[in-house]
Amino acid sequence: MALVQLASLKVFLSKPFVTLDVCSDFLLGRWKLNNCKEIENVSLENKTILVTGCNTGIGYATCLKLARAKARLLICCRTLQKSKATAERLKKDLGIHETTRFCCLEADMADLNAVSTLAKRILELNEPIHFLVLNAGVMQAAKKKMTRDGLELHFAVNHMGHFLLTYLLLPRLIQSAPSSVIVVTSNAYEYGKPEKLADYRFVNYPYIPVSAYAQSKLANILFAYELRKRMKDKGVEVFAVHPGAVLSDIYREEWLLHAPVIGFFSKRLLSYIMRTPTEGASTITALIANAICSSDPSFRHVNDLSSNLYWKDCKPQNVNNDLVNDVSSEFLWRVSLSILQELGIVNEKILPIEERCC
Ligand SMILES: NC(=O)c1ccc[n+]([C@@H]2O[C@H](COP(=O)([O-])OP(=O)(O)OC[C@H]3O[C@@H](n4cnc5c(N)ncnc54)[C@H](OP(=O)(O)O)[C@@H]3O)[C@@H](O)[C@H]2O)c1
């Protein structure tokens with residue numbers, strides 16, 4: 001344990017400015033949320049939105065805000081039971097008994113065959129998808145875990161599951177244009193290293209939880225960057241969002257929050273300074289609100305949205321171009337496709353997206 005913490009410390013010290021940014025998110029994140037456009041004032045009637053990982057945390061808070069604005073939700077959790085429980089909780093929080101606006105779906109995002117089945121099921125619904133929110137995520141599993149597909153867990157859940165889901169839904173997203181894909185990443189992506197992306201089993205580099213998470217979040221932003229390029233002129237916008245430091249279940253393996261006595265006090269303290277899931281959902285829902293309102297002249301001041309890839313605190317951010325660039329994003333795209341081909345997950349010959357979508 002001490003060795004893992006030392007290794008993590010080394011990662012944090014290797015990028016002091018990124019670490020400062022991460023710390024400021026923990027300490028000041030709540031106060032940095034200004035001028036977020038509130039989704040509740042916008043009507044999402046007739047808009048279909050798919051959210052992954054929404055039984056808890058930022059995903060649930062996002063769904064609640066979207067449901068209040070009357071969106072149709074494709075609720076996608078690890079199991080059908082969790083999706084149904086989420087729909088029930090939404091109804092209770094909204095004070096409604098019946099609705100046809102929620103559709104419950106399931107997939108373990110760590111299992112690429114399950115993701116494939118999920119995509120098939122969604123396509124069978126025969127309805128548009130206006131927004132795809134790729135939110136499900138795991139963070140800092142203390143020990144290296146491999147999925148049944150032979151991928152490291154963070155890479156599998158945070159990136160590969162979402163890559164495959166999006167890839168299979170692209171024709172539908174294009175048909176539904178204007179539509180958007182919102183990839184939930186993290187400013188921790190800056191601890192990632194593009195040259196390590198091909199080592200998705202952590203064979204050549206040692207497994208350090210914070211690095212594994214960072215690699216997957218780098219993959220998230222590179223995927224968003226590459227998809228944005230490929231969807232240019234197809235009416236599908238792509239954004240990457242850092243939700244801030246949010247006190248959620250994602251810290252379930254963080255000893256500081258769960259150790260006897262100290263856990264109680266640290267949770268109390270952090271609940272005053274870290275964002276709530278509702279606050280963490282703000283940048284995601286603000287982007288959706290802006291996309292809906294972009295034709296409305298009263299929102300012209302925020303109309304330059306689609307030109308920005310990366311968002312945090314409801315504001316556009318510069319990306320680190322040393323990490324996020326054409327070379328790295330094309331490399332990740334090729335690696336991801338080759339994994340699918342190797343595993344035989346996508347049976348038909350994988351065609352370039354441009355050809356699949358015509
Ligand atoms: N919280 C933060 O400080 C923070 C900061 C930056 C970025 N983020 C990102 O924000 C996103 C949401 O995080 P959160 O804070 O809301 O965490 P959370 O409360 O732990 O929620 C994560 C969600 O992902 C789901 N999930 C995890 N593994 C899955 C799998 N194999 N298959 C299907 N679903 C799975 C979880 O389902 P189960 O309940 O079934 O596990 C849960 O619904 C993540 O992508 C995370 O990386 C969070």
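Entry 1: The model is a predicted one, in which local features need pLDDT of at least 70 and side-chain atom pairs count only at pLDDT 80 or more, while totals for chains, interfaces and linings use all residues. Residues are numbered from 1 along each chain as its sequence is written, and side-chain values use heavy atoms, with hydrogens and water left out.

N126 is found in the loop between α5 and β4, and its phi is positive, about 55°, although N126 is not a glycine. For the element names I note that helices (H or I, at least four residues) and strands (E, at least two) are DSSP runs, numbered from the N terminus. K70 also has a positive phi, near 75°, and is a residue other than glycine; K70 sits in the loop between α3 (57–68) and β2 (72–77) and is partly exposed, with a relative accessible area of 44%. I also recorded that the peptide bond from A177 to P178 is cis, with omega near 5°, and that P178 lies in the loop between α6 and β5. I wrote these down because most residues other than glycine have a negative phi, and most peptide bonds are trans.

**Entry 2: a buried loop residue.** I next looked up I129, which lies in the loop between α5 (112–124) and β4 (131–134). I129 is buried, with a relative accessible area of 0%. Which residues does I129 touch, not counting residues up to four places away in sequence? Taking contact to mean heavy atoms within 4.5 Å, I list T48, I122, L169, R172, L173, S176 and S179. I129 and T48 are 81 residues apart in sequence, yet their C-alpha atoms are 5.2 Å apart in space.

Entry 3: D25 has its place in helix α2 and is buried, with a relative accessible area of 2%. The D25 side chain makes a polar contact with the side chain of N187, at 3.2 Å. The term stands for a pair of N or O atoms within 3.5 Å; within protein, one must be able to donate a hydrogen and the other to accept it, and residues adjacent in sequence count only if both atoms are side-chain atoms. Leaving aside residues up to four places away in sequence, D25 touches K32, N187, H242, G244, A245 and K312.

**Entry 4: aromatic rings.** I counted 10 aromatic pairs in the structure. Rings of Phe, Tyr and Trp (its six-membered ring) pair if their centres lie within 6.5 Å; planes under 30 degrees apart count as stacked, over 60 as edge-to-face and the rest as tilted. One of the pairs is F26 with Y251, which is edge-to-face, 6.3 Å centre to centre and with 65° between the planes. Because F26 lies in helix α2 (residues 16–28) and Y251 in the loop between β6 (236–242) and α8 (255–258), this pair ties together parts that are 225 residues apart in sequence. F26 is partly exposed, with a relative accessible area of 26%, whereas Y251 counts as buried at 13% relative accessibility.

The pair of F155 and Y200 is stacked, 5.5 Å centre to centre with 15° between the planes. F155 belongs to helix α6 (residues 153–175) and Y200 to the loop between β5 (179–184) and α7 (209–230), so parts 45 residues apart in sequence are tied together by the pair. Both F155 and Y200 are buried.

R89 lies over the face of Y60, at 3.7 Å from the ring centre (a charge sits over a ring if NZ of Lys or CZ of Arg is within 6 Å of the ring centre and within 35 degrees of the ring normal).

**Entry 5: the whole chain.** The protein chain has 13 helices and 8 strands. Buried residues make up 54% of its 358 residues. Among contacts between residues at least 6 apart in sequence, 80% join residues at least 24 apart.

How values were computed: Buried < 20%, exposed > 50% of the residue type's maximum accessible area, 1.4 Å probe, protein only.
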